[in-house]
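Please read them beside the coordinates.

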Amino acid sequence: MKDLFGKALQDYFNNNYTEDLITSTNISGEDELPIPYLFRSYSEMPKLEQKALQLAKGNVLDVGCGSGSHSLYLQEKGFKVRAIDISEGAVDVAKKRGVEHVEQKDILKETDTFDTILLLMNGTGIFQEVSQVSKYLNHLKSLLNPGGQILIDSSDIKYMYEDEDGGLWIDTNANYYGELDYFLSYKGEEEEKMKWLYLDFERLQLACEAVGLQCEKVLDGEHFDFLVRIT
Ligand SMILES: C[S@@+](CC[C@H](N)C(=O)[O-])C[C@H]1O[C@@H](n2cnc3c(N)ncnc32)[C@H](O)[C@@H]1O
């Protein structure tokens with residue numbers, strides 16, 4: 001990984017912001033991901049994220065913390081927060097922004113236990129593909145204190161397969177429609193291809209039940225996105 005995501009966060013933090021990240025997927029063309037969005041304050045966050053932060057309790061693990069926006073908010077509210085991210089640049093920026101306990105770590109390497117585990121900004125993406133969902137859920141389950149909760153958001157991206165007449169062109173022989181190849185470029189450099197998973201609510205709920213977790217929808221967002229609470 002070239003860590004272009006982390007480089008973009010570092011550039012923004014160091015006042016070298018000149019352009020945004022460019023993203024695309026195997027089913028969609030290029031889109032800009034505005035870097036200032038990755039530094040959003042509570043009032044700039046979507047309702048789903050605000051709701052997740054309101055539901056936080058006890059000691060918190062912020063998985064894939066990015067620049068640390070959610071961690072900083074909770075830390076200021078007095079929560080004990082641990083933030084982790086696989087991106088070296090993200091961890092560097094989160095630390096410099098004031099996140100007290102932040103570490104470069106893959107979620108699968110985490111071993112402590114928490115009352116609240118946050119995975120925000122399409123948290124199911126970190127699972128990468130359907131075949132890995134139960135592995136990640138089982139691991140997250142092992143990190144929960146008794147009575148603990150996982151707060152995670154996702155989107156049902158079926159709408160991305162709709163044509164102008166409202167018909168769907170999903171190939172039923174292909175992999176699950178929410179499994180995407182994700183491409184990212186920044187300042188003319190291309191990141192290695194990543195896998196990113198968007199899970200619809202029913203599939204996420206079934207996967208939770210299969211590993212002995214309960215999954216309830218907390219809130220629907222404005223564009224096929226939703227927040228769930230897993231216990
Ligand atoms: C879409 S970004 C969201 C960043 C942040 N949560 C936010 O809302 O601004 C996803 C983040 O997850 C991190 N990530 C991806 N896979 C991960 C893993 N296995 N363990 C920990 N972090 C991971 C990425 O480096 C990236 O910073």
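1. Basis. This is a predicted model, in which local features need pLDDT of at least 70 and side-chain atom pairs count only at pLDDT 80 or more, while totals for chains, interfaces and linings use all residues. Residues are numbered from 1 along each chain as its sequence is written. Helices (H or I, at least four residues) and strands (E, at least two) are DSSP runs, numbered from the N terminus.

2. Ligand shell. There are 17 residues around the ligand, and those that come nearest are Gly64, Gly66, Ser87, Ile107 and Met121; a residue is counted as near if its C-beta atom, placed from the backbone, lies within 6 Å. By class, the shell holds 11 nonpolar, 4 polar and 2 charged residues, where Ala, Val, Leu, Ile, Met, Phe, Trp, Tyr, Cys and Pro count as nonpolar, Asp, Glu, Lys and Arg as charged, and the others, Gly among them, as polar.

3. Helices α1 and α4. Helix α1 (residues 4–13) packs with helix α4 (residues 88–97) at an angle of about 30°, their axes being 6 Å apart; axes are lines fitted to C-alpha atoms, for helices over the stretch in contact, and angles run from 0 to 180 degrees between N-to-C directions. The pair is therefore roughly parallel, given that angles under 35 degrees count as roughly parallel, over 145 as roughly antiparallel, 65 to 115 as roughly perpendicular and the rest as oblique. On the α1 side, Phe5, Gly6, Lys7, Leu9, Gln10 and Phe13 meet Glu88, Gly89, Ala90, Asp92, Val93 and Lys96 of α4, contact being taken as C-beta atoms, placed from the backbone, within 7 Å. This contact of α1 with α4 comprises 5 nonpolar, 3 polar and 4 charged residues.

4. Helices α5 and α6. Helix α5 (residues 133–142) and helix α6 (residues 201–210) pack at about 60°, with axes 10 Å apart, which means that α5 is oblique to α6. In α5, Val133, Ser134 and Leu137 meet Ala207, Cys208 and Ala210 in α6, and the residues of this contact are 5 nonpolar, 1 polar and no charged.

5. Burial in α4. Gly89, Ala90, Val91, Val93 and Ala94 of α4 are buried, a residue being buried if 20 or more other C-beta atoms lie within 10 Å of its own, exposed if 12 or fewer, and partly exposed in between. These buried residues pack against α1, α3 (69–76), β4 (81–85) and β5.

6. Valine 99 lies in the loop between α4 and β5 (102–104) and is buried, because 24 other C-beta atoms lie within 10 Å. Leaving aside residues up to four places away in sequence, valine 99 touches Cys65, Gly68, Ser71, Leu72, Gln75, Ala83 and Ala94.

7. Backbone points to check. Most residues other than glycine have a negative phi. Asparagine 15, in the loop between α1 and β1 (21–25), has a positive phi of about 60° although it is not a glycine, and it counts as exposed, with 6 C-beta neighbours inside 10 Å. Methionine 121, in the loop between β6 (114–119) and α5, likewise has a positive phi, of about 80°; with 18 C-beta neighbours inside 10 Å, methionine 121 counts as partly exposed.

Terms used
Contact = placed C-beta atoms within 7 Å.
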